[in-house]
Amino acid sequence: MTSEPRGGRAAGERLVSLNGRLVDEREAFVPALDRAVTHGIGLYETLKLAGGVPVFFGEHMDRLQAGLDVLEITVPWDRATIARAIVELAAAGSVADGGCRVLVTAGPDWGGPSLLIRHDVREHPAAPLRVVTHRGIRVSGALKAMTFMQSHLAQRAAAAVGADDAIFVDDEGRMFEGATSNVFLARGGGLVTTPAEGAILPGVLRAAIERVAEADGIPVVEAYGRVADLRPDDAMFLTSSVRGIAAVASVDDRPLRVDHAMLERLERLIAGAERVAADTFRSEYLA
């Protein structure tokens, strides 16, 4: 990606889609009294882009709609409208591969919600990752809410000690999820991941990994792992839609095994699932 001179913005980051209209990001505004601003009420989805189209679009929209129902936010646009806006923005910004973020605000008391779509361009540290624990659980774990404070504090705490990322734990040392990811342990030839029972965000990639792993003969168990129970022969992966699957080298300086064979197997399986998802999107929304 080519960058502008210092003081400018990277190519492909100038435009956003706001309520179905492409505008310069510096001219995109929502009302000051939007409840996303005054109360942090709103939701977002971060989707991977592959070849200019979103991956696992249906799964992301299912999760978004479930959250909107909980928050009782009624939106005036349908999935086809969001799909068109994502593709239009990707084409206009020349961002065929990467990520995009779809945000829905609650709106002000006197008006409706807003739909903001922007490119999600981040630099991720090279894996395997050095991870630290952070005591706490995200607010409304089952909702991908705009109230990002807990994750922000966890990431800041990790950076303060030179770590790459953080995972949330409770007072008993049970591991829940990463600051912006889900957690898998590779143990005994199978996978262990935290139950999606309201305390963690039910990640789209997490669900896809469970699905493709079991179909390929890899046992998957939903159970809480504890930091104190980690063994040197355990392997850990953090998973998120855009970053994908990242191996973890240590947790609180407790070394873990990097299971390259399992990592490559999961990456191959997910790559196939992503291709199918992208083709499904094209047939449903671009045909």
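# A guided tour of the predicted model

Begin with the whole chain, coloured by confidence. This is a predicted model; its pLDDT averages 90 over the chain, and 92% of the residues score at least 70. Next, select residues 1-12, where the pLDDT is below 50. Beyond near neighbours in sequence, this stretch has twelve contacts in the model. Where pLDDT is low, the predicted coordinates should not be read in detail.

Now display the secondary structure. The chain holds six helices and 15 strands. Two of the helices mark the ends of the confidence range among the elements of the chain: helix α4 (residues 149-160) has the lowest mean pLDDT, 89, whereas helix α5 (residues 204-215) has the highest, 98.

For the overall dimensions, show the C-alpha trace. Along its principal axes the trace spans about 50 × 45 × 40 Å. The radius of gyration of the chain is 19 Å, which agrees with the value near 19 Å for a compact globule of 287 residues.

**First stop: α2 and α3**

Select residues 57-71, helix α2, together with residues 79-92, helix α3. The two helices pack at an angle of about 125°, and their axes lie 12 Å apart. An angle of this kind makes α2 oblique to α3. The crossing of α2 past α3 is right-handed. To view the contact itself, show the side chains of F57, G58, M61 and D62 in α2, which meet R79, I82, A83 and I86 in α3. By class, this contact of α2 with α3 comprises five nonpolar, one polar and two charged residues.

**Second stop: α3 and α6**

On the α3 side, select R79, A80, A83 and V87; on the α6 side, select F281, Y285 and L286. The residues of the contact of α3 with α6 divide into six nonpolar, no polar and one charged.

How closely do the axes of α5 and α6 come, and at what angle do they cross? The axes come within 10 Å and cross at roughly 105°. That angle makes α5 roughly perpendicular to α6. Select L205, A208, I209, V212 and A213 of α5, then L266, L269, I270 and A273 of α6, to see the residues that make the contact. The contact of α5 with α6 has nine nonpolar residues, with no polar and no charged ones.

Technical notes
Residues are numbered from 1 along each chain as its sequence is written. This is a predicted model: local features need pLDDT of at least 70, side-chain atom pairs count only at pLDDT 80 or more; totals for chains, interfaces and linings use all residues. Side-chain values use heavy atoms; hydrogens and water are left out. Axes are lines fitted to C-alpha atoms, for helices over the stretch in contact, and angles run from 0 to 180 degrees between N-to-C directions. Helices (H or I, at least four residues) and strands (E, at least two) are DSSP runs, numbered from the N terminus. Angles under 35 degrees count as roughly parallel, over 145 as roughly antiparallel, 65 to 115 as roughly perpendicular and the rest as oblique. A crossing is left-handed if the near helix is turned anticlockwise from the far one by less than a right angle, and right-handed if clockwise. Contact means heavy atoms within 4.5 Å. Ala, Val, Leu, Ile, Met, Phe, Trp, Tyr, Cys and Pro count as nonpolar, Asp, Glu, Lys and Arg as charged, and the others, Gly among them, as polar. pLDDT is the predictor's confidence in each residue, from 0 to 100. The radius of gyration is taken over C-alpha atoms; the globule rule is 2.2 Å times the number of residues to the power 0.38.
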